Amino acid sequence: MKRGLQLNIKQGAHAGHTALFDHNPVVIGRDGTCDLVLSDKGVSRRHGRLGWQGGRYFIEDLNSLNGIYVNGRAVKLHWLSHGDSISVGPVTFNFTEAKIPAVVSPPAAPRRLPRRHEGH
């Protein structure tokens, strides 16, 4: 099994979606080169970075305009725990560590989540 992380998006244009990653680090932002591309206004081009180091996951603000909040508190660098609520601009998601079966696969392309459509 490989170590991975799961982000369950609770608020924002992509609410209801889940993103699963098995690489380190994961860059979040609006720029198409990010690992998780979020189209919400208020998300910086390269907003933050999730990573694994020394046996723990962390999130780091990459000098974003609207900051990163973990469990309601502004952070620059924060060690994460299972279930932490993370806000990246207007997007809120829950962090979960995931165990991913080791499967040979091609390198992952940036993940673009579809927008949630209201009333359709």
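Colleague: How many aromatic pairs does a search of the whole structure find?

Modeller: Three. Here, rings of Phe, Tyr and Trp (its six-membered ring) pair if their centres lie within 6.5 Å; planes under 30 degrees apart count as stacked, over 60 as edge-to-face, the rest as tilted. This is a predicted model, where local features need pLDDT of at least 70, side-chain atom pairs count only at pLDDT 80 or more, and totals for chains, interfaces and linings use all residues. Residues are numbered from 1 along each chain as its sequence is written, and side-chain values use heavy atoms, with hydrogens and water left out.

Colleague: What sort of pair do F58 and W79 form?

Modeller: Edge-to-face, at 5.9 Å centre to centre with 80° between the planes. The pair links distant parts of the chain: F58 is in strand β6 (residues 56-61) and W79 in strand β9 (residues 77-79), 21 residues apart. Strands here are DSSP runs (E, at least two residues), numbered from the N terminus.

Colleague: Is F58 buried or exposed?

Modeller: Buried, with a relative accessible area of 5%. W79 is partly exposed at 35%. The cut-offs: buried is under 20% relative accessible area, exposed is over 50%, and partly exposed is in between (1.4 Å probe, protein chains only).

Colleague: Which residues form a ring cluster?

Modeller: W52, Y57 and F95, linked by ring pairs. Y57 sits in strand β6 and is buried, at 6% relative accessibility.

Colleague: What does the side chain of Y57 reach?

Modeller: The backbone oxygen of G4, at 3.0 Å. Beyond four places in sequence, Y57 also touches others, including R3, L5, H78 and E97. Touching means contact: heavy atoms within 4.5 Å.

Colleague: New topic. How many residues has the largest nonpolar core?

Modeller: 22. Among those with the most contacts inside it are L5, L50 and F93. Such a core is a set of buried Ala, Val, Leu, Ile, Met, Phe, Trp, Tyr and Cys residues joined through side-chain atoms within 4.5 Å. L50 contacts I28, F58, L80 and I86, among others, leaving aside neighbours within four places in sequence.

Colleague: And the sheet? What is the strand order?

Modeller: β2-β1-β11-β10-β7-β8, an open sheet of six strands with antiparallel pairing. Two strands pair if DSSP finds at least two bridges between them.

Colleague: Which strands are at the edges?

Modeller: β2 and β8 (73-75), each pairing on one side only.

Colleague: How many bridges join β10 to β11?

Modeller: Four, and these strands run antiparallel. S87 has T92 in β11 as its bridge partner.

Definitions and conventions:
A polar contact is a pair of N or O atoms within 3.5 Å; within protein, one must be able to donate a hydrogen and the other to accept it, and residues adjacent in sequence count only if both atoms are side-chain atoms.
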